[in-house]
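Trainee: I am new to this structure. Could you take a close look at the side-chain contacts and walk me through them?

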Amino acid sequence: MQLYMFEHCSLCFRVRMAAALKRLHLKEVVVLDDDTDTMVSLVGRRVIPILLKDDGRPMLESMDMVKHIEHRGEPILVGPERAEIASWAAHVVDKTAPLTMPRYPLLGLPEFATVAALDHYNLRKRKAVGDFVELRADTRRHIARLMPDLEELGELIESPHAVNGALSLDDIRVLPLLRSAAVVKGLRFPAKVRDYFEAMMNRIGFQPLPAI
């Protein structure tokens with residue numbers, strides 16, 4: 001299987017996480033942010049992630065990719081799911097975006113390896129969230145908005161090894177969002193969130209992105 005991805009992309013990390021948990025080989029292909037041609041040639045439109053299955057057919061939608069990987073061999077994401085976790089994951093993205101999006105282009109990530117790719121990202125995301133310099137200057141306020149959600153997550157986590165006590169699709173929903181939030185220097189996860197984040201990242205063998 002081959003995954004076309006951005007390093008900073010939380011939806012891409014869902015797929016990478018699932019493959020790591022299953023100990024399945026996943027060839028990762030980082031696409032430059034401005035390389036729309038590659039995406040269009042594969043699936044007819046600009047979208048990331050894209051999974052090329054072993055039969056060469058492309059797959060879209062990160063959770064469909066996760067389920068495809070999960071169905072290979074013995075299932076591992078067999079734990080319960082909770083509506084509260086799905087709800088948390090769905091609404092926290094709007095609070096993390098003003099913190100994470102202005103920082104990704106400062107991390108030296110491979111999808112920004114050319115000036116054109118970096119400029120392309122900056123233009124796209126500034127239209128979506130606003131001026132990056134202003135957003136970084138307003139970090140404290142955005143952290144303050146996010147902290148109640150992180151505290152709420154801490155109360156929901158049942159174990160450092162699985163958000164619901166046994167690995168489930170809820171872990172696929174939660175961990176990539178925490179990986180993104182962890183790029184914010186000065187953001188301190190509540191104890192249970194930190195323990196979960198560290199234990200899960202260690203389990204799948206990934207290092208956090210740099211914090212800035």
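Mentor: What follows is a tour of the charged pairs, one arginine, the aromatic rings and one isoleucine. Keep in mind that the model is predicted.

Start with the charges. The whole structure holds 14 salt bridges. One of them joins aspartate 33 to arginine 46, with the closest N and O atoms 3.7 Å apart. This pair links distant parts of the chain, 13 residues apart. Aspartate 33 sits in the loop between β2 (27-30) and α2 (36-43). Arginine 46 sits in the loop between α2 and β3 (50-52). How accessible are the two partners? Aspartate 33 has 0% relative accessibility, so it counts as buried. The cut-off for buried is under 20%. Arginine 46, at 30%, counts as partly exposed.

Next, look at arginine 57. Its salt-bridge partner is aspartate 55, and the closest N and O atoms are 2.8 Å apart. Aspartate 55 is partly exposed, because its relative accessible area is 47%.

Now go to aspartate 149. This residue forms a salt bridge with lysine 95, again described by its closest N and O atoms, 2.8 Å apart. Aspartate 149 belongs to helix α7 (residues 139-156) and lysine 95 to helix α4 (residues 83-100), so the pair ties together parts that are 54 residues apart in sequence. Aspartate 149 counts as buried because its relative accessibility is 4%.

Salt bridges can also join up into a network. Here Glu7, Arg16, Glu28 and Arg179 are linked in that way.

Move on to arginine 82. You will find arginine 82 in the loop between α3 (62-70) and α4. Its side chain reaches the backbone oxygen of valine 163 at 3.2 Å. The side chain of arginine 82 also makes a polar contact with the side chain of asparagine 164, at 2.6 Å. Leaving out residues up to four places away in sequence, arginine 82 touches Leu156, Glu158, Val163, Asn164 and Asp170.

Now the rings. A search of the whole structure gives 4 aromatic pairs. One is formed by tyrosine 121 and phenylalanine 132. Their ring centres are 6.2 Å apart, the planes are at 50 degrees, and the pair is tilted. Tyrosine 121 lies in helix α5 (residues 115-129), and phenylalanine 132 lies in helix α6 (residues 132-137). They are 11 residues apart, and the pair links distant parts of the chain. Both tyrosine 121 and phenylalanine 132 are buried.

Another pair is phenylalanine 189 with phenylalanine 197. The ring centres are 5.5 Å apart and the planes stand at 80 degrees, so this pair is edge-to-face. Phenylalanine 189 and phenylalanine 197 are buried.

Return to phenylalanine 132. Ring pairs link Phe112, Tyr121 and Phe132 into a cluster.

Finish with isoleucine 172. This residue lies in helix α8 (residues 169-181). Its relative accessible area is 0%, so isoleucine 172 is buried. What does it touch? Setting aside residues up to four places away in sequence, isoleucine 172 touches Arg14, Met17, Ala18, Leu21, Met63, Val66 and Leu77. Isoleucine 172 and phenylalanine 13 are 159 residues apart in sequence, but 8.6 Å apart in space, C-alpha to C-alpha.

How values were computed
Residues numbered from 1 in each chain as written. Predicted model: local features only at pLDDT ≥ 70, side-chain atom pairs only at ≥ 80, totals over all residues. Heavy atoms only, no water. Salt bridge = Lys/Arg side-chain N within 4 Å of Asp/Glu carboxyl O. Helix = DSSP H or I, 4+ residues; strand = E, 2+ residues; numbered from the N terminus. Buried < 20%, exposed > 50% of the residue type's maximum accessible area, 1.4 Å probe, protein only. Polar contact = N/O pair within 3.5 Å; in protein donor to acceptor, adjacent residues only side chain to side chain. Contact = heavy atoms within 4.5 Å. Phe/Tyr/Trp six-rings, centres within 6.5 Å; stacked < 30°, edge-to-face > 60°.
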